[in-house]
Amino acid sequence: MRVSVQEAPFDLGRESAAFAAGHVDMGAIVTFTGIVRDLPDDPMQAMEIEHYPGMTEAALTDIATQAMTRFSLGDALVIHRYGRLVPGELIMMVATAARHRKDAFEGAEFLMDYLKSRAPFWKREISANGAEWVAAKDEDEAALNRW
Amino acid sequence: MDVLYFAWVRERIGLPREKVETNAATVAELVAELSAREDRYAVAFSDLSALRVAVDQELTDFDAPLAGVREVAFFPPMTGG
């Protein structure tokens, strides 16, 4: 299991390949990647991601540990960036390895649902019209109820 | 103790962290103490339902006790992913 909170970009292909390598007893690998999406009506110049150093790593480790146990994962990976990003850049990725695909998919969804509203990151979108903090969505909080 | 602010809470209060000498027994008492101090705190803390709090880097509630606590952080709901 690995958790990385970093400012630097990551190489999706290399991270995915490294994660998939060496799991002879795991039949399924799922990866999810989040990308900075441009705003159709108000072109985004940048997205700034702030986080809480120390708590972020602890929260992500806790979420990943829960996913490992709950879905009997053989391995889990969470990479999340902070700092200034532009549309098209990769923000984060999760990967899960399990014996069967159902656990790998569900483990990845669990990781995503929890890290959206329980990991201390805050996004701010910057456009020609100014900067605005992204508001948390009720549906993101509601998504936790299914677990 | 150290009090930390993130995102728009940090912007409204105007600093990312500060040392606070307090006898507040709970987070809510600390909030009341800070709000009474200056307007910028009162504004930032005006709607607690829009805020989250972590005590020693663990998410908790506003009625959490502060005895022995080193670090309290205030921030809006998180938007990771």
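Predicted model: local features only at pLDDT ≥ 70, side-chain atom pairs only at ≥ 80, totals over all residues.
User: Happy to. How many residues does H3(A) have, and what length does it reach from its first C-alpha to its last?

Analyst: H3(A) has 18 residues and reaches 25 Å between its end C-alpha atoms, close to the expected 26 Å.

User: Which residues of H3(A) are buried?

Analyst: Here is the general idea: an α-helix has 3.6 residues a turn, so residues three or four places apart point the same way. In H3(A), the buried residues include A:Ala104, A:Gly107, A:Ala108, A:Phe110, A:Leu111, A:Met112 and A:Leu115.

User: Let me step back to the whole chain. What pattern does chain A follow along the sequence?

Analyst: Chain A has four helices and eight strands, and they come in the order β-α-β-β-α-β-β-β-α-β-β-α. Its radius of gyration is 16 Å, close to the 15 Å that the globule rule gives for 147 residues, so chain A is as compact as a globular protein of that length. Of those 147 residues, 34% count as buried. Contacts within the chain are also worth a look: of those with a separation of 6 or more, 78% are between residues 24 or more positions apart.

User: How do the elements of chain B run from the N terminus on?

Analyst: They run β-α-β-α-α-β-β-β, which comes to three helices and five strands. Chain B has a radius of gyration of 12 Å, and this agrees with the value near 12 Å for a compact globule of 81 residues. In chain B, 28% of the 81 residues count as buried.

User: Now for where the chains meet. Which element gives the most to the side of chain A that touches chain B?

Analyst: In all, 21 residues of chain A are in contact with 13 residues of chain B. On the chain A side, H2 (55–70), H3 (101–118) and S7 (121–127) each give two or more residues. H3(A) gives the most, with five. By type, this side of chain A has 13 nonpolar, four polar and four charged residues.

User: Which residues touch the most other members of the largest nonpolar core?

Analyst: The general point is that nonpolar side chains tend to be buried together in soluble globular proteins. Here the largest nonpolar core holds 56 residues, and the ones touching the most other members are A:Leu60, A:Ile63, A:Val78, A:Leu111 and B:Phe6. Take A:Val78 as a case: leaving aside residues up to four places away in sequence, A:Val78 touches A:Val3, A:Leu60, A:Ala64, A:Val94, A:Leu111 and A:Leu115.

User: One last feature, backbone angles. Is A:Ser72 buried or exposed, and where is it found?

Analyst: Most residues other than glycine have a negative phi. A:Ser72 has a positive phi of about 50°, and A:Ser72 is found in the loop between H2 and S4 of chain A. A:Ser72 counts as exposed because it has 12 C-beta neighbours inside 10 Å. B:Ala7 also has a positive phi, of about 55°, and B:Ala7 is found in helix H1 (residues 7–13) of chain B. B:Ala7 counts as buried, with 23 C-beta neighbours inside 10 Å.

Notes
Residues numbered from 1 in each chain as written. Chains lettered and ligands numbered in written order. Contact = placed C-beta atoms within 7 Å. Nonpolar A, V, L, I, M, F, W, Y, C, P; charged D, E, K, R; others polar. Rg over C-alpha atoms; globule rule 2.2 N^0.38 Å. Buried ≥ 20, exposed ≤ 12 C-beta atoms within 10 Å, placed from the backbone. Expected span 1.5 Å × (residues − 1). Core = buried A, V, L, I, M, F, W, Y, C linked by C-beta atoms within 7 Å.
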